[in-house]
Amino acid sequence: MNIIKMIVGLSNPLEKYKNTRHNVGSWYIKMLAKNCKAYLTEEKKFLGFTGCIKINHYSIRLLVPNIFMNINGKSIYKMASFYGINLNQILIAHDDLDLKPGIAKLKYSYGHSGHNGLRNTIDTFNEKNSFYRFRIGIGRPLEKEKIAFFVLSYPTNIERLLIKKSILNAVRETFILIKMQDKLKNKSII
């Protein structure tokens, strides 16, 4: 199990996308940063907003790409390369159509499940390594052809509350995951 060194929230730029379902990954990063009393600042060389938090004794880089979702991998790769971070040391938070609002699940695997931001990240890194993902449920429209409109629209008030609750739980789970990794790492030394 690799220690997480970077956490990313997939997103689209521009004010009009800020509160859409597709940007829930960035909502997670902002809540995590706030919980750790950290700030995100724009770093043009990484094409996004970055910060750094400390969990246990680990410094973990935060990133919210400020480019379109289908090329988020470019931003992630730039920052990861700069700091010498491998894909399997990154946790990526993203919206998930297959989970209902209010549900967030941690997954460690290789694959994109049809998500364009994940697909681009995998293609950009050109690796077949598994990586950590927080799948944040946004639900799914009844008609498949309405998916693009759905993810780029605002959740209802009830959905928004459920999503925020699931993100808060994901933030708590992040602390547990890092502490668990630390224990496992220290155990393997003995």
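**View 1. Aromatic cluster of Phe46, Phe82 and Tyr83.** Phe46, Phe82 and Tyr83 are linked into a cluster by ring pairs (Phe, Tyr and Trp rings, the last by its six-membered ring, with centres within 6.5 Å; planes under 30 degrees apart are stacked, over 60 edge-to-face, the rest tilted). The model is predicted, with pLDDT of at least 70 needed for local features and 80 or more for side-chain atom pairs, while totals for chains, interfaces and linings use all residues. Residues are numbered from 1 along each chain as its sequence is written, and side-chain values use heavy atoms, leaving out hydrogens and water. Lys45 lies over the face of Phe82, 4.2 Å from the ring centre (NZ of Lys or CZ of Arg within 6 Å of the centre and within 35 degrees of the ring normal).

**View 2. The aromatic pair Tyr28 and Phe134.** The count of aromatic pairs comes to 7. For Tyr28 and Phe134, the ring centres are 5.7 Å apart and the planes at 50°, so this pair is tilted. Tyr28 belongs to helix H1 (residues 24-35) and Phe134 to strand S7 (residues 131-137), 106 residues apart (DSSP runs: helices H or I of at least four residues, strands E of at least two, numbered from the N terminus). Both Tyr28 and Phe134 are buried (under 20% relative accessible area; exposed is over 50%, partly exposed in between; 1.4 Å probe, protein chains only).

**View 3. Arg160 and Trp27.** The charged end of Arg160 sits over the Trp27 ring, 4.7 Å from its centre.

**View 4. Surroundings of Ile136.** Leaving aside residues up to four places away in sequence, Ile136 touches residues including Val24, Tyr28, Ile163 and Ile167 (heavy atoms within 4.5 Å).
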